[in-house]
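Let's take a walk through a protein model together, starting from its inside. Have the sequence and the 3D view ready as you read.

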Amino acid sequence: MFTRSFSDWTVTNIVIRMIVSFVIGMAIGIDRGAKRRGGGARTTITVCLGATMVMLLEQYLEELYPQRFDISRIAAQVISGVGFVGAGSILVSGHQIKGLTSAASIWTCACVGLAVGIGFVDGAVVLTVFWLAGVHIVPYIENKVYKHSQYMTLYIEAADGKAITLVSRKLKEDNCFIDSFVVDKPKAKGQHFQIVTTFKVPKNTNKEEFLHIIQELKGVETVNEL
């Protein structure tokens with residue numbers, strides 16, 4: 001493992017790199033698509049193969065014009081430029097941000113493609129295995145940790161300014177440490193004030209009961225934990 005056998009400039013190695021790039025890109029894309037996330041197989045295959053071709057082109061130029069070409073120059077542009085592709089998969093919807101993992105996946109896919117393109121095939125495969133394991137195993141660990149976390153993030157819709165004051169006062173009275181408290185005013189008649197707040201509740205506080213208490217405050221329309 002981690003040999004240089006795939007780095008030699010031969011037809012066989014070039015074909016192997018393209019095949020590996022295709023398979024890795026497809027694996028990452030299918031994994032994202034199965035979860036109905038952005039950055040499906042077509043996107044990741046395209047990004048991975050494109051990045052692979054960039055490195056093949058760089059090595060070709062190095063072989064054609066030895067000691068005249070900086071083999072890392074185009075690759076650096078790919079790493080920074082592919083960020084624009086990933087940014088297109090990030091969506092901001094009201095109080096939630098979606099697509100960050102998809103954007104990171106596209107960027108990682110480009111990096112893997114660069115590695116395959118230059119012949120670092122085994123390293124690219126190992127990274128992909130770790131990446132897939134991470135996105136599948138880490139969420140279970142996160143859920144277990146978050147269940148014991150004392151922090152809460154709530155999205156609250158309030159009818160008026162008095163309700164906002166009641167929410168803030170209630171948090172302070174219950175000795176909650178308020179990390180952030182953002183209020184968006186209604187943009188049209190009939191809409192409610194929107195509150196997104198993150199705070200730390202005291203130990204031994206039942207989160208579900210506390211959520212219900214906030215919901216019962218006068219003027220509070222809806223409460224959702226993010």
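In this predicted model, the largest nonpolar core is made of 22 residues. Ile-24, Val-47, Val-112, Leu-114, Val-116 and Ala-124 have the most contacts inside that core.

Where do the core residues come from? Two or more residues each are given by helix H1 (11-34), helix H2 (41-64), helix H3 (73-87), helix H4 (100-117) and helix H5 (121-147). H4 supplies the largest share, with 7 residues.

Once its neighbours within four places in sequence are set aside, Val-116 is in contact with Arg-17, Val-20, Ser-21, Ile-24, Thr-52, Val-121 and Ala-124. There is also a second, separate core, which has 18 residues, including Ala-163, Ile-164, Cys-176 and Ile-214.

Now let's turn to a pair of helices. Two packed helices are described by the angle between their axes and the distance between the axes. For H3 and H4, the axes come within 9 Å and cross at roughly 155 degrees. Angles over 145 degrees count as roughly antiparallel, so H3 is roughly antiparallel to H4. The crossing in which H3 passes H4 is right-handed.

Which residues meet there? From H3 come Ala-75, Val-78, Ile-79, Val-82, Val-85 and Gly-86, and they meet Ala-103, Ile-106, Trp-107, Ala-110 and Leu-114 of H4. Sorted by class, this contact of H3 with H4 has 10 nonpolar residues, 1 polar residue and no charged ones. Leu-114 of H4, which takes part in this contact, is also among the residues with the most contacts inside the largest core.

Conventions
Residues numbered from 1 in each chain as written. Predicted model: local features only at pLDDT ≥ 70, side-chain atom pairs only at ≥ 80, totals over all residues. Heavy atoms only, no water. Core = buried A, V, L, I, M, F, W, Y, C linked by side-chain atoms within 4.5 Å. Buried < 20%, exposed > 50% of the residue type's maximum accessible area, 1.4 Å probe, protein only. Helix = DSSP H or I, 4+ residues; strand = E, 2+ residues; numbered from the N terminus. Contact = heavy atoms within 4.5 Å. Axes fitted to C-alpha atoms, helices over the stretch in contact; angles between N-to-C directions. Parallel < 35°, antiparallel > 145°, perpendicular 65-115°, else oblique. Left-handed = near helix turned anticlockwise from the far one by under 90°. Nonpolar A, V, L, I, M, F, W, Y, C, P; charged D, E, K, R; others polar.
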